[in-house]
Amino acid sequence: MKKLLGLLVIVLIGIQFIPVERTNPTVTWDINAPENVASILRTSCYDCHSNETEWPWYSYIAPVSFMVAGDVEDGRKRLNFSEWDKYDGSKRQKLLEEIVEEVEKEEMPLTMYTFTHPNAKLDPYRINLIKDWVKPGSSYEKSPRYK
Ligand code: HEC
């Protein structure tokens, strides 16, 4: 038993030396949204879907760091608000529709995330603000904005 615990401690210390990428590439573009929507996206989505991730202290401790970095990498790959200029018109439209779908089904933000970031949890009021913004015919331009 003691041997096993010793081994576990050694493994836990060992994995701390595995490098984890916690990058925040430069933001030159951002999605254009009215202030109230932008602020919701910032609070609830930007840690995984932008280049402005706030890396919490536990993102420096393995094995949690692997999970956090993995979510950010995966999240940015699918949708990155900081690189909105890189998507063409139809991709933007598709992503906007997916955003509505994900927040309506309460699949985003991830439950694991709202557990540690309770104020990122969306309520019906905030979900509606996102929907009104995405709605076809909404007057708001959803183009990229130079920062
Ligand atoms: C803790 C990190 C995290 C947060 C916070 C987060 N997401 Fe995600 N998101 C992911 C990951 C990881 C994926 C890819 C895997 C998946 O779909 O579960 C993803 C996928 C998506 C997708 C693409 C789905 C697809 O079919 O490809 C959309 C759209 C999305 N998120 C929207 C949002 C919105 C909107 C918010 C804020 C309200 C948000 N996410 C908050 C991590 C996050």
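Author: A nonpolar core is understood here as a set of buried Ala, Val, Leu, Ile, Met, Phe, Trp, Tyr and Cys residues joined through side-chain atoms within 4.5 Å. The model under discussion is predicted.

Reader: How many residues does the largest nonpolar core have?

Author: The residues with the most contacts inside this core are Ile31, Leu41, Phe81, Trp84, Ile130 and Trp133. Helices α2 (35–44), α5 and α7 (124–134) each supply at least two of its residues. Apart from it lies another core, of 6 residues, among them Cys48 and Tyr58. The largest core has 23 residues.

Reader: What is the arrangement of donor atoms around the iron atom of the ligand?

Author: The protein donors are His49, through NE2, and Met108, through SD, lying 2.0 to 2.3 Å from the iron atom. His49 belongs to helix α3 (residues 46–49) and Met108 to the loop between α5 (89–104) and α6 (111–116), so the pair ties together parts that are 59 residues apart in sequence. Because the 6 donor atoms subtend angles of 84 to 178° around the iron atom, the arrangement is octahedral.

Reader: Is Met108 buried or partly exposed?

Author: Buried requires under 20% relative accessible area. His49 has 14% relative accessibility and therefore counts as buried. Met108 has 29% relative accessibility, so Met108 counts as partly exposed.

Reader: Which backbone oxygen does the side chain of Ser138 reach?

Author: Ser138 is situated in the loop between α7 and β2 (144–146). At 19% relative accessibility, Ser138 counts as buried. Its side chain reaches, at 2.9 Å, the backbone oxygen of Trp133.

How values were computed:
Residues are numbered from 1 along each chain as its sequence is written. This is a predicted model: local features need pLDDT of at least 70, side-chain atom pairs count only at pLDDT 80 or more; totals for chains, interfaces and linings use all residues. Side-chain values use heavy atoms; hydrogens and water are left out. Donors are N, O and S atoms within 2.8 Å of the metal (3.2 Å for Na, K and Ca); water is not among the atoms, so sites may look incomplete. Four donors count as tetrahedral if all angles lie between 85 and 135 degrees; four count as square planar and six as octahedral if opposite donors are over 155 degrees apart and all others between 65 and 115; anything else is irregular. Helices (H or I, at least four residues) and strands (E, at least two) are DSSP runs, numbered from the N terminus. Buried means under 20% relative accessible area, exposed over 50%, partly exposed in between (1.4 Å probe, protein chains only). A polar contact is a pair of N or O atoms within 3.5 Å; within protein, one must be able to donate a hydrogen and the other to accept it, and residues adjacent in sequence count only if both atoms are side-chain atoms.
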